[in-house]
Amino acid sequence: MDLLSAYNDSDEEESTTTTTTTATTTTETTPTNNNNINNNKAITSFKPSNLAPIITSIRVVENKINPNDKILLYNPTVESLEGDIYGPKKPFSSNEKKLDPKLKNHTNGIVEDYHINDYAFDQQILSFRNHGYSENPNDSTELIGYRDNDENTTTTTTTTTTTTTNNNNNNNNKKKKDKRKRNITDDPSNVNGYLGPWGKTEREFKQSGEDDMVSIESGLTEQQKAFMDSRVKKPKGKDEEGDGDSDSIGTATSSNNTSIFHGKSKKDYMGRSWIDPPSDLRLVIPDTYIPKKSIHTYTGHTKGVAAIRYIPKYGHLLLSAGMDNTVKIWDVYGDRRCIQTYMGHSQAVRDICFSNDGRRFLSCGYDRKTRLWDTETGKILNSFGNGKIPYCIKFNPDDDKQEQFLCGGSDKKIIQWDIKSNEIVQEYDQHLGAVNTITFLDDNRRFVTSSDDKSLRVWDWGIPVVIKYISDPSMHSMPAVALHPKGKWFAAQSLDNQILIYSARDRFRINKKKRFLGHNVSGYACQLGFSPDGKFIYSGDSTGKAFFWDWKTSKIVKTINAHNNVCIGIEWAPLEPSKVATCSWNNEIKLWD
């Protein structure tokens with residue numbers, strides 16, 4: 001029995017020890033109910049030590065973190081760190097619930113449209129400018145700004161109005177007698193100057209002129225504004241329309257503001273000008289083939305490009321006429337950037353033409369002026385005008401006739417100008433519509449012109465008599481003409497979406513076997529031309545494409561998606577086998593190879 005009782009005691013001890021060891025948070029001992037066990041025997045339990053320091057509970061307050069604190073005693077959330085400290089809450093901040101991206105109409109959240117009447121908007125702007133406050137558009141009863149100054153002004157204005165009303169009656173008689181000076185003469189014998197009671201006064205004339213200048217200057221760049229300021233200070237010419245006389249910008253009054261040079265230096269280390277061609281170019285016409293891809297895009301014009309021309313012989317420079325009133329010249333072989341900008345027209349530039357040596361070029365625009373430029377210095381050498389809009393200009397290709405050029409305009413005439421004397425030498429007046437193109441033929445002894453009267457007319461140089469009149473009821477207007485390199489044929493861009501071929505010799509007959517179809521140029525004066533060796537003929541398209549045909553088979557060889565807008569100009573480099581430049585009304589000039 002003693003053995004059994006001892007065995008029972010051991011079991012009780014094990015049970016008590018297990019109960020005490022499992023409880024880690026309590027330190028009490030459990031008493032036993034067995035009478036045979038000695039009550040003086042104590043049961044001890046293991047009490048683990050707490051190594052972590054006692055820290056009071058810290059309540060994290062959102063958006064209340066001081067940015068000057070260098071130590072934080074807790075781990076804040078990213079949202080609390082990005083929250084605002086002072087000021088109103090963001091409507092769509094990261095602290096709030098994130099807005100559904102489907103509901104956003106802006107990258108930062110929701111932008112709501114708000115409509116206000118134009119009259120009310122102008123009225124609030126004037127009140128804010130004059131008095132310093134305006135109404136809140138969301139709440140008309142609330143004012144935005146300070147009204148302290150306005151209260152003082154209102155009191156003064158009310159006192160002054162009472163005194164001025166008494167004096168108004170006395171001054172009415174004086175105002176009726178005051179006559180403002182008319183800007184136009186009151187002499188009825190002056191037919192051009194007399195406008196009677198409809199003539200503007202000096203005050204009205206000044207106000208209208210200032211408003212016009214503000215509207216014009218708002219759309220100009222800083223360089224163009226500086227040029228306009230220099231023009232205003234200079235004396236004006238005799239008449240805006242003129243009789244062929246040069247205007248205020250001429251050889252004597254030309255300034256440096258007419259052009260901007262963008263290159264590093266105007267001469268290289270050998271003293272050669274930037275106009276001179278590279279030394280590795282040779283005057284050899286290569287065997288041509290169709291270009292495959294775009295190698296460069298020229299960007300610099302702020303509006304569409306109307307025409308492009310390579311410099312004669314070498315073609316190392318490219319001239320462009322822009323609708324932003326400027327003419328730019330670009331590098332083709334080097335850095336391929338804009339070298340110089342010519343600013344002399346007040347409206348869009350229509351056409352450009354190089355002289356034989358490339359040292360000078362002509363430009364005509366919708367400001368009814370034709371200007372002769374020095375390519376290197378950018379100065380305006382001379383200006384020509386007869387009061388009509390010039391549409392096309394052309395130097396005589398002969399070296400001994402470089403001092404004369406032809407200009408066709410909206411007055412249905414082709415005018416022959418002399419550069420030295422600045423006078424009209426000859427007028428060719430037979431067309432019934434505006435003249436579009438001028439092309440020299442037959443060793444430059446003759447030239448052919450196209451017009452809006454849907455006809456072609458051939459002239460002898462210096463003789464204002466038509467030697468050949470080409471017209472047919474089925475013909476359309478031909479706004480672009482190009483001569484074949486061999487000089488036997490010339491191509492005309494017809495607005496019925498086809499290119500017609502005419503002989504460039506005595507009879508000037510149409511070649512019915514050669515017609516180039518497939519492109520769409522209806523309504524657009526898309527340029528056309530020939531490759532240097534005459535194998536291919538190319539043309540722009542109203543959809544922005546560039547078409548290339550084989551001269552012998554009259555079949556389309558390749559079509560290139562050149563631009564997103566109409567491809568108005570296209571030009572083949574004179575010494576390159578496959579380098580073609582295209583321009584469009586989307587402000588771009590692309591180089592293809």
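In the hairpin formed by β17 and β18, four residues lie between the strands, and Asp442 adopts a positive phi near 50°. The model described here is predicted. Strand β17 spans residues 435-441, and seven of its seven residues are buried, so the strand is largely enclosed by the rest of the structure.

The protein as a whole contains six helices and 31 strands. It comprises 593 residues, of which 39% count as buried. The accessible surface amounts to about 36,800 Å², with 49% of it belonging to carbon and sulfur atoms. Of the contacts between residues at least 6 apart in sequence, 45% join residues at least 24 apart.

Aromatic pairs were counted next. The total comes to 24 aromatic pairs. One of them is formed by Phe440 and Trp461, whose ring centres are 5.9 Å apart; the planes stand at 45°, a value between the limits of 30 and 60 degrees, and the pair is therefore tilted. Phe440 belongs to strand β17, whereas Trp461 lies in the loop between β19 (455-460) and β20 (463-471), so that the pair ties together parts 21 residues apart in sequence. Phe440 and Trp461 are both buried. A further pair consists of Phe490 and Tyr502, with ring centres 5.5 Å apart; because the planes are at 15°, under the limit of 30 degrees, this pair is stacked. Phe490 is located in strand β22 (residues 489-494) and Tyr502 in strand β23 (residues 498-503), so this pair ties together parts that are twelve residues apart in sequence. Phe490 and Tyr502 are likewise buried. Phe440 and Trp461 also belong to one aromatic cluster, together with Tyr428, Phe447 and Trp459.

Charged side chains over aromatic rings were also identified. The charged end of Arg350 is positioned over the ring of Tyr391, at 4.6 Å from its centre. Lys266 lies over the face of Phe261, 5.6 Å from the ring centre.

With neighbours within four places in sequence left aside, the contacts of Gln340 are with Ser259, Ile260, Phe261, His262, Trp274, Val327, Lys328, Ile329, Thr375, Glu376, Thr377 and Gly378. The side chains of Gln340 and Tyr342 are joined by a polar contact of 3.2 Å.

Lys328, one of the residues in contact with Gln340, is also touched by Gly300. Gly300 occupies the loop between β4 (294-299) and β5 (305-310). Its relative accessible area is 37%, which lies between the limits of 20% and 50%, so Gly300 is partly exposed. Residues up to four places away in sequence not being counted, Gly300 touches Lys328 and Trp330. Gly300 and Trp330 are 30 residues apart along the chain, and their C-alpha atoms are separated by 10.0 Å.

Technical notes
Residues numbered from 1 in each chain as written. Predicted model: local features only at pLDDT ≥ 70, side-chain atom pairs only at ≥ 80, totals over all residues. Heavy atoms only, no water. Helix = DSSP H or I, 4+ residues; strand = E, 2+ residues; numbered from the N terminus. Buried < 20%, exposed > 50% of the residue type's maximum accessible area, 1.4 Å probe, protein only. Contact = heavy atoms within 4.5 Å. Areas by Shrake-Rupley, 256 points an atom, 1.4 Å probe, with all protein chains shown as cover. Pairing = 2+ DSSP bridges. Phe/Tyr/Trp six-rings, centres within 6.5 Å; stacked < 30°, edge-to-face > 60°. Lys NZ or Arg CZ within 6 Å of the ring centre and 35° of its normal. Polar contact = N/O pair within 3.5 Å; in protein donor to acceptor, adjacent residues only side chain to side chain.
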